[in-house]
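Hi,

Here is the structure I promised to pass on. Have a look at it first, and then read my notes below.

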Amino acid sequence: MNDTICAVITGSGGAVAVIRVSGPEAWQCALKLTKSSNGPEVNRVYHQKLFDGDFLLDKALVTYFKAPKSFTGGDTVEFACHASNYIKGRLLQILSDMGVRPAKNGEFSMRAFINGKMDLVEANGLCDLIASDNAASHGAAMNSMEGKLSAEFKRIKNSLSELLAQIEVRIDDVDEEMQPLDPGYTKKILNDVKLRAGDLASTFSTGKFVKEGIKVAILGVPNAGKSSLLNAIVGFDRAIVSEHSGTTRDTVEEIADFKGHKIILTDTAGIKEGALDVAEREGMRRSLNAADKSDIIIFTADTSKKHLQADHELWNSLKIKGKKIILACNKKDINFTPPEFLYEADKVVNVSSKTGEGVEELKNSVISLLDAGDIKADSNLITSAVHYDMLVKTEKELEEALKALKKDLGLEFLAEHVRRALLHLKEIIGEVYADDILGIIFSKFCVGK
Ligand SMILES: Nc1nc2c(c(=O)[nH]1)N(C=O)[C@@H](CNc1ccc(C(=O)N[C@@H](CCC(=O)O)C(=O)O)cc1)CN2
């Protein structure tokens with residue numbers, strides 16, 4: 001915190017790059033770089049020359065922020081220079097020569113957190129916002145960055161804090177001068193808080209998919225119609241289709257939208273037994289790899305053909321992966337009698353890639369089987385596995401507190417469970433933290449953030 005750090009805070013490409021310098025020496029460095037003697041005004045942008053020794057390095061826009069009014073809460077200067085790799089490299093070198101250290105990943109945000117500019121949930125939201133790539137992930141991240149998610153955590157936390165205070169004064173009240181704790185009231189508060197923590201935790205089934213997208217792998221034996229199905233789902237000719245078996249040799253990935261959810265669809269090379277060349281074997285390895293990584297598998301079977309034995313073998317090998325499987329029956333003929341194994345599918349959908357029949361049902365099935373939920377704008381979503389984990393732990397402690405109350409185990413027992421629940425909530429927001437944990441959390445942020 002006491003040293004001065006710098007980093008390029010803009011992405012690659014574009015004509016202008018911003019370099020942020022933050023820490024006690026930031027202003028001094030800027031005065032040297034711009035060879036100015038008189039102090040700049042706070043929160044003003046100056047068009048200034050930046051010098052590399054006696055040479056003119058660039059003419060840039062320089063903004064001066066004074067602590068505590070800056071992104072990090074410390075003295076900060078931003079140089080919006082031309083995005084030449086040479087200019088950026090020299091600027092960072094000159095700053096380094098002045099004793100300014102390159103910022104670590106997330107270090108600016110970590111300073112902002114330590115300086116009380118945002119809590120940990122808001123910092124996490126900021127990180128998610130930068131990574132967001134659709135309306136749903138953007139909306140969830142914005143809610144979080146804007147403090148709406150934190151506010152809900154704080155509401156739950158405050159109810160528990162008040163309850164704990166009530167319990168603790170009675171523990172201290174050895175002379176029993178106070179009215180005893182009302183069990184009905186205590187039970188009501190505990191139940192209410194547990195319900196709210198549970199409601200928030202339950203949004204994670206939607207939230208995790210909102211943040212990362214849903215990975216769907218399309219698998220099947222060669223020539224089952226996988227690529228046609230991918231094309232029918234995304235609505236354009238993404239994958240090459242032919243009547244020849246083995247047209248798809250490598251996996252083909254495409255992003256689609258299912259009811260507002262981001263879907264990462266992977267079409268795969270058909271899987272078969274028998275003599276294979278090296279490329280075919282590699283293709284199949286990638287197909288199975290896509291199956292392993294997926295959240296759900298669409299198993300495509302051409303039920304007009306008689307190779308259902310091959311389908312069955314592949315089906316059995318996929319079943320053991322323990323994933324949800326939707327069976328997409330392609331080109332079904334009217335005399336088709338379904339073999340037994342079809343009934344093991346989590347869902348069977350008849351599809352026609354040609355007419356688009358069944359495609360909507362397929363999309364809906366993915367969402368409902370994964371319990372991915374509806375995406376509602378403006379509602380709080382838990383997208384972090386850590387937050388989810390902490391909420392589940394909170395719920396368990398509250399359950400224990402309710403048991404302690406019911407069995408009348410005494411105020412100390414009750415207080416201990418409430419205290420632990422409270423600690424989980426405080427850890428989520430960042431009211432309590434261990435220094436080494438902070439480093440780990442913020443190191444997941446990108447450079448320059
Ligand atoms: N050039 C530039 N653009 C940027 C950022 C930045 O740091 N620099 N941001 C960075 O991520 C985002 C904007 N976020 C920011 C948040 C707070 C402050 C700030 O200086 N806050 C002070 C002063 C507030 C005021 O005077 O109104 C404060 O909170 O005290 C600046 C940027 C996006 N665009």
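**Annotated sites and helix packing**

The unreviewed UniProt entry carries a "binding site" annotation that covers R20, E78, K117 and K449; UniProt positions are given in the numbering used here, feature names are shortened, and such annotations may be inferred rather than shown by experiment. Before you dig in: this is a predicted model, where local features need pLDDT of at least 70, side-chain atom pairs count only at pLDDT 80 or more, and totals for chains, interfaces and linings use all residues. Residues are numbered from 1 along each chain as its sequence is written, and side-chain values use heavy atoms, with hydrogens and water left out.

Take R20 from that annotation. R20 sits in strand 2 (residues 16-22); helices (H or I, at least four residues) and strands (E, at least two) are DSSP runs, numbered from the N terminus. With a relative accessible area of 5%, R20 is buried (buried is under 20% relative accessible area, exposed over 50%, partly exposed in between, with a 1.4 Å probe and protein chains only). K117 counts as partly exposed, at 39% relative accessibility. Leaving aside neighbours within four places in sequence, K117 is in contact with P68, K69, S70, F71, T72, G73, A112 and E122.

Now the helix pairs. The axes of helix 6 (residues 148-172) and helix 7 (residues 183-202) come within 10 Å and cross at roughly 160° (axes are lines fitted to C-alpha atoms, for helices over the stretch in contact, and angles run from 0 to 180 degrees between N-to-C directions). Helix 6 and helix 7 are therefore roughly antiparallel (under 35 degrees is roughly parallel, over 145 roughly antiparallel, 65 to 115 roughly perpendicular, the rest oblique). The residues of this helix 6 and helix 7 contact divide into 11 nonpolar, three polar and three charged (Ala, Val, Leu, Ile, Met, Phe, Trp, Tyr, Cys and Pro count as nonpolar, Asp, Glu, Lys and Arg as charged, and the others, Gly among them, as polar).

Helix 9 (residues 226-234) and helix 12 (residues 359-369) pack at an angle of about 85°, with their axes 10 Å apart. That makes helix 9 roughly perpendicular to helix 12. In this pair, L229, A232 and I233 of helix 9 meet V359, L362 and K363 of helix 12.

Cheers

Notes. Contact means heavy atoms within 4.5 Å.
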